[in-house]
Amino acid sequence: MSVRIFLSGCNGRMGKTIRAIAAEQDGLSIVAGSDIQTDPACPFPIYQEPQMCQEDFDVLIDFSNPAAFNHVCQLIEKCHCPAVICTTGLEQDMKDRLLDLSKASPIFMSANMSLGINLLIGLARQAAALLYPEYNIEIIEAHHNQKVDAPSGTALMIAEQINDALSGQLNLVTDRSQTRNKRDPAELGIHAIRGGNIVGEHTVLFAGPEENITIHHSAQSRAVFARGALAAARFLTGKPAGFYSMTDLIAERKP
């Protein structure tokens, strides 16, 4: 059975990557999309506002911008459709709205759709539980010069997962420029680098008294995020209402 996709943000860089990869995969078809930019060569209808969609589809993938969030939610409410939310930079009230929508629709959300990043998070959780408080923990992330949010949603996700593994003992720090104090052992520093065309780099550093340990992930192409989003779309199709994440997808893939 073919999974029919509505793609929000279909003309953005990630949207075009998803379109190209979906066209190569069996059992996937993009039947409609939305974007503020038009594309006369696009093989499916494009709406400026997602909720105006007239086509039937099985799952929504949102790789757009927080500015489109309300319109995306209106389409989910209208169709009670499964939705894979890949857009980063969402405020807490937006995340709360998705949780509310998950009572009636299956909602999949991840700040990073890479399988590798989610494996990194699992390793970082184990390392933190083993090494803290003897080791200081810092996160360094790097992205291209067009990225507007900092720190990245992925860096914040990694930090939150590490802190969760330590029962909330850490304080997230994203700016030390305004203080002149020694590092608090309970700090978890997050550092953002922006430049060039860096797809995505995330490093978790455990700095100890006699050694440093790093866990690093480097995305070589945006295709890794597109493949993850399409895998999530396949995973979510047919699922009951609820809130899902990469943890659920990985657990289903385990032998």
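Where does histidine 80 lie? You'll find histidine 80 in the loop between helix 2 (69-79) and strand 5 (83-85); helices (H or I, at least four residues) and strands (E, at least two) are DSSP runs, numbered from the N terminus. Keep in mind that this is a predicted model, where local features need pLDDT of at least 70, side-chain atom pairs count only at pLDDT 80 or more, and totals for chains, interfaces and linings use all residues. Residues are numbered from 1 along each chain as its sequence is written, and side-chain values use heavy atoms, with hydrogens and water left out.

**Largest pocket**

- The largest pocket comes in at a volume of about 1100 Å³; a pocket here is an open set of points on a 1 Å grid over the protein atoms alone, where a 1.4 Å probe fits, with protein on both sides within 12 Å along at least five of seven lines.
- Grid points are joined across faces, edges and corners, and a volume is the space filled by probe spheres set on the points.
- Its lining (residues with an atom within 4 Å of a point) runs to 45 residues, and Met14, Phe63, Ser64, Asn65 and Thr88 lie nearest the centre.
- By class, the lining of the largest pocket splits into 15 nonpolar, 25 polar and five charged residues; Ala, Val, Leu, Ile, Met, Phe, Trp, Tyr, Cys and Pro count as nonpolar, Asp, Glu, Lys and Arg as charged, and the others, Gly among them, as polar.

**Second largest pocket**

- The second largest pocket has a volume of about 840 Å³.
- It is lined by 31 residues, and Met109, Ser110, Ala111, Met157 and Gln161 sit nearest its centre.
- Helix 3 (92-101), helix 4 (115-131), helix 5 and helix 7 (246-253) each supply at least two residues of that lining.
- The class count for the second largest pocket is 15 nonpolar, eleven polar and five charged.

- Tyrosine 132 and proline 133 are joined by a cis peptide bond, omega about 10°, and proline 133 is in the loop between helix 4 and strand 7 (136-143).
- Alanine 150 to proline 151 is also cis, with omega near -5°; proline 151 belongs to the loop between strand 7 and helix 5.
- Histidine 80 has phi near 55°, a positive value in a residue other than glycine.
- Serine 167, a non-glycine residue too, has a positive phi near 55° and lies in the loop between helix 5 and strand 8 (171-173).
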